[in-house]
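Work through the exercises below with the structure open. Each task is followed by a solution in steps.

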Amino acid sequence: MGAIASPFSSDRRRRIPSATPGGAVSGQLTRLTHVRPGNHRVISCYIKLEPRDRARGKYLIKLKNRVRTVTDGFDRLGLDREVREAAERDLDRVVERLRNPADLPPTQVLAVAFDRTSARFFDVTAYGARELPGLRADSTRGARFRGERDGAGRGEHTYNNRIREEKQRHFEAIARELFTLDRRRPVHGVILGSAGADANAVRPFLHAYLAERVLGTMKVTPKETTAAKVHHDALAVREEWERASERALVAALGERLGAGWAVNGIPPTLRALARGQVRSLLVHADAAEPGFRCSETGRLALTDRECRGEGEALPVLDVVDDAIEEALRQGVNVNVVYDPDACREIAGLAGVLRFRR
């Protein structure tokens, strides 16, 4: 939480990438990051909400702890009593607004449980799974070919071809339905489920737009599964996808560090951010450091000495939070990393660069 922003505001006008398929968050971030606060102080609250944190209310504990840290740091900022009381009221409003989980974005995921003859679709959020209308395929008997039973002259080859064609039509229908559901209400990801090893069989039939957002697969029996099981399994798949994505980001960071196309550590990342070099910002989930913002340039720094020649060193409660805010202004891709192994590779802040000096 960047609780008390300085009156400084960046003059950069770069596009902020959409945070949702519909782009609603993109518009909100653009408006918020371009606000000119003048002499007023601004409360900025950025929370990465994990699905299980939402379901258990863990996010609220994290939020309250951050608010406590912010209020404990007010003395360092030298705020007047009136300004301090106004900030405390705003912090209370933030907590109250986020207290009810129903007020949080749903982070909707589409899940499908299918076999050769049917498909069940589920709208999955952090709080549960809701079943949607399903599909039923016109299918041949599921048993193996029997010449004496299936009729003379038909042939096993013809029979098997028919089975393959029906499966293909069925998978195409599933892909079309997923596309239709997403167009109707854009989702954050798609999860494919089947009883056997065929969960990925639908993937080749998906529109490229949806194929890029497949989070993974789960093992389910469509005729027997329940919404509760789909909800449980889908959250597990999403969580593993999040952790795997974080590990991949850190691995890519390591590859670029040696070639000079990345930086690791708070001081070098802050310098690169001030020069507009950062293409992707990686943030250790527990990172927090007090610091300063140079009044004339707006540059963030860990020590007041670094602001010599750049105006007054204005105290900030947490340069990591302010770095996130600056990155959003610049249109930088921001990734908060939670995976323990990945976190160990990030010294607070790290960045993949657009260009080298």
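**Exercise 1.** Which residues of α10 meet which residues of α11 in this predicted model? Classify the contact and describe how the helices are arranged.

Solution. 
- Step 1. List the contacts. From α10 come Ile266, Leu270 and Leu273. On the α11 side they meet Val319, Val320, Ala323, Glu326, Ala327 and Gln330.
- Step 2. Sort the residues by class. The contact of α10 with α11 has seven nonpolar residues, one polar and one charged.
- Step 3. Describe the geometry. Helix α10 spans residues 266-274, and its axis lies 11 Å from that of α11, at an angle of about 30°.
- Step 4. Name the arrangement. Angles under 35 degrees count as roughly parallel, so α10 is roughly parallel to α11. The crossing of the two helices is left-handed.

**Exercise 2.** Find the axis distance and crossing angle of α3 and α5, then identify the residues in contact.

Solution. 
- Step 1. Helix α3 covers residues 58-72, and its axis comes within 11 Å of the α5 axis, crossing at roughly 175°.
- Step 2. Angles over 145 degrees count as roughly antiparallel, so α3 is roughly antiparallel to α5.
- Step 3. On α3 the contact is made by Tyr59, Leu60, Leu63, Lys64, Val67, Val70 and Thr71. On α5 it is made by Arg84, Leu91, Val95 and Leu98.
- Step 4. By class, the contact of α3 with α5 holds eight nonpolar residues, one polar and two charged.

**Exercise 3.** Determine how Arg93 and Asp90 meet and how they are placed in helix α5.

Solution. 
- Step 1. The side chains of Arg93 and Asp90 form a salt bridge, with an N to O distance of 3.3 Å. The cut-off is 4 Å.
- Step 2. Both residues lie in α5 (residues 81-98); they are three residues apart, which means a separation of about one helical turn.
- Step 3. For the model, the count by this rule is 23 salt bridges.

**Exercise 4.** State the strand order of the sheet that contains β10, and find which helix packs on that sheet.

Solution. 
- Step 1. The sheet is open, has three strands in the order β11-β10-β12, and pairs in the antiparallel sense.
- Step 2. β11 (300-301) and β12 (313-316) are at the edges; each has a single partner strand, so one side of each lacks a neighbour in the sheet.
- Step 3. Helix α11 (residues 319-330) packs on this sheet and touches β10, β11 and β12, its direction making about 40° with that of β10.
- Step 4. Strand β10 (residues 291-294) is joined to β11 by two bridges.

**Exercise 5.** What is the order of the four-stranded open sheet, and which helices touch its strands?

Solution. 
- Step 1. The order is β8-β14-β9-β13, with mixed pairing.
- Step 2. β8 (262-264) and β13 (333-337) are the edge strands, each pairing on one side only.
- Step 3. Between β9 (residues 278-284) and β13 there are five bridges, and these two strands run parallel. Leu281 stands opposite Val334 in β13.
- Step 4. Helix α9 (residues 227-257) packs on the sheet, touching β8, β9, β13 and β14 (349-353), and its direction makes about 105° with that of β8.
- Step 5. α10 also packs on the sheet, touching β8, β9 and β14; its direction makes about 45° with that of β14.

How values were computed:
Residues numbered from 1 in each chain as written. Predicted model: local features only at pLDDT ≥ 70, side-chain atom pairs only at ≥ 80, totals over all residues. Heavy atoms only, no water. Pairing = 2+ DSSP bridges. Contact = heavy atoms within 4.5 Å. Axes fitted to C-alpha atoms, helices over the stretch in contact; angles between N-to-C directions. Parallel < 35°, antiparallel > 145°, perpendicular 65-115°, else oblique. Left-handed = near helix turned anticlockwise from the far one by under 90°. Nonpolar A, V, L, I, M, F, W, Y, C, P; charged D, E, K, R; others polar.
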